[in-house]
Structures are given as structure tokens and as C-alpha cells.
Amino acid sequence: MKVIEGWWMMKTTVSFLKSKYSREETLKKIDKLDCDYLHVDVMDGKFVENFNFHPEDLPEILKDVTKELDVHLMVEDPTPYIEAIKDMNVKYITTHIELQEKHKYIDMIHSLGIGAGLAINPDTDVKRLYPYLDDIQYIIVMGVVPGKGGQKLIPENVLKIIKLQEMKKDKNLDFEICIDGGVNLETRELVEPADVIVLGSALCMSDNYKETFNKLR
Ligand code: DX5
Ligand code: ZN
């Protein structure tokens, strides 16, 4: 949350995974918005069915982006991706709690001076995150099964956000909690407990990004 003109405003991170425009055009349009981060979804065709980027593609694709990067790695082997973006304007790199290794990537990301995040799938128990809460700066609660944009929010996942907000308060921690997937004008109010919302197809499939962004934020 942040305050703009006396109003509490949700932080926003925009995903360009599903858009009605070309990737270049979409990135240019997003860069003009007053969003906090650019949400970069990376899929390897193994951890999730779909594939979009090789590690070496990322610096070229993101070279003109001025927003801080919120990189969501839906991949089985994060190391080459972390290496490929380590010198870019990265706020968070997030790997999935469902991977075998956790601390290996959290430590690698921290050694680069970047914030580390953990993402959790809809069918994963929120308790799996508890051992790592002291070590991470960001949590991505998936509102959909990862791997594509435009899916319907699975509302039960909001309960995980409420639980994590309680844990954050009780343990006096300051990680940001993000909801990813299925956020649109209908579900916007439901995801209010989050600190950050991913705006994906609801924004990038619209005709007027600025107008839609202001309605959704
Ligand atoms: C899905 C991605 C999300 C997705 C969100 O696996 O992690 O970031 O792009 O898109 P919408 O908002 O369309 O569900
Ligand atoms: Zn994502």
C-alpha cells in the first residue's frame, strides 16, 4: 500500500504476458503508466507447460524498460535466469516454493543485492512458506494455476494473503504480499488484503491502458 493525494493506493505491477498489442508496443505503453513494477513472467516449458524466454533473451527484451523489474520465474532451474538479469534494474526475483531448493536461490539473489521472493501455487499449503518468512522480501500468492494469462481467479487464495498478513504483523516482518492472476474489475475488491496486485490481461487486453489502469489500481 502507498498514499497518493491522501488516498491509500494498492501497489501495482503490470504483466505483459497476455496483450492485444505486440510485446514492444505493450512494454512502451506500460512504461508510461504510474505502476510500481513491471511483472516479468518467465516460463521454461517444464515447471509450467508454456515456454516464453531463454535466459539470454531477457536483457534484450527488457533493455528499454524504465520500471523496476519484478521477475516471476516459473522455471525448474532459476540459476541461468538469475545470472542473465543480475545487472538490470531488478527489485525482486521470485522462485517457486514447489521447487526442491529454496535457500540456494534466496542466497544467490541476496548476494546480488536484489530482493528475493517465493511464489506459491493454488494447491500448495501456505504453511510451506512459514520457514522462509524471515528471509524473503516478497511473496507471490498465485490466484490461478501458473502458466498463462486470462484465467479466472480462484478466490480461496485470498485466505492465504490474510494469513500471511497476520504472520507478517505477529513476527513484525515487512515482506510485500502480491496476488498474481485473475485480477480484474470484478475481483479487484476481493484482493484488497494484498500489498501489491498484478495487472495482467485485464489491463493489457484493453484499448485504453491509462483509463483501465486508473480503474483497476
Ligand atoms: C500466470 C502469470 C501471471 C499472469 C497474470 O502464470 O504468473 O502473472 O500473467 O495475468 P492475468 O491477470 O491475466 O491472470
Ligand atoms: Zn506472474
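These legends describe close-up views of a predicted model.

Local features are reported only at pLDDT of at least 70 and side-chain atom pairs only at pLDDT 80 or more, whereas totals for chains, interfaces and linings use all residues. Residues are numbered from 1 along each chain as its sequence is written, chains are lettered from A and ligands numbered from 1 in the order in which they are written, and side-chain values use heavy atoms, with hydrogens and water left out.

**View 1**
Ligand 1 has 18 residues around it, and Asp41, Gly147, Gly150, Asp180 and Ser201 come nearest; a residue is near a molecule if one of its heavy atoms lies within 4 Å of it. The space taken by ligand 1 is the largest pocket. A pocket is defined on a 1 Å grid over the protein atoms alone, as an open set of points where a 1.4 Å probe fits, with protein on both sides within 12 Å along at least five of seven lines; lining residues have an atom within 4 Å of a point. A molecule sits in a pocket if more than half of its atoms lie within 2 Å of its grid points. Two or more residues of the shell around ligand 1 are given by each of β4 (37–43) and β5 (68–74). Strands (E, at least two residues) and helices (H or I, at least four residues) are DSSP runs, numbered from the N terminus.

**View 1. Backbone polar contacts of ligand 1.**
A polar contact is a pair of N or O atoms within 3.5 Å; within protein, one must be able to donate a hydrogen and the other to accept it, and residues adjacent in sequence count only if both atoms are side-chain atoms. A polar backbone atom of Gly150 is 2.8 Å from an oxygen atom of ligand 1. For Gly182, a backbone N or O atom lies 2.9 Å from an oxygen atom of the ligand. At Gly200, the separation between a polar backbone atom and a ligand oxygen is 3.4 Å. Of the 380 Å² of accessible area that ligand 1 has on its own, the protein covers 99%; accessible areas come from the Shrake-Rupley method with a 1.4 Å probe, and for residues only the protein chains shown count as cover.

**View 2. Cysteines without a disulfide.**
A disulfide is a pair of cysteine sulfur atoms within 2.5 Å, and by this rule the count is zero. The cysteine sulfur closest to that of Cys35 belongs to Cys204 and is 9.3 Å away, which is too far for a bond. Cys178 is likewise in no disulfide, and its nearest cysteine sulfur, that of Cys35, is 12 Å away. Cys35 is buried at 5% relative accessibility, and Cys178 is buried at 0%. Buried means under 20% relative accessible area, exposed over 50%, and partly exposed in between (1.4 Å probe, protein chains only).

**View 3. The backbone at Asn172.**
Asn172 lies in the loop between α5 (157–170) and β9. Although Asn172 is not a glycine, its phi is positive, at about 50 degrees. Most residues other than glycine have a negative phi. Asn172 is exposed, with a relative accessible area of 70%.

**View 4. Two prolines in loops.**
Pro78 occupies the loop between β5 and α3 (79–85) and is buried, at 0% relative accessibility. The C-alpha atom of Pro78 is 9.8 Å from that of Leu99, 21 residues apart along the chain. Pro193, in the loop between β9 (176–180) and β10 (196–199), is partly exposed at 29% relative accessibility.

Ala84 belongs to helix α3 and is partly exposed, with a relative accessible area of 24%. Ala84 and Pro59 are 25 residues apart in sequence, with a C-alpha to C-alpha distance of 7.0 Å. Ile106 is placed in helix α4 (residues 103–111) and is buried at 1% relative accessibility.
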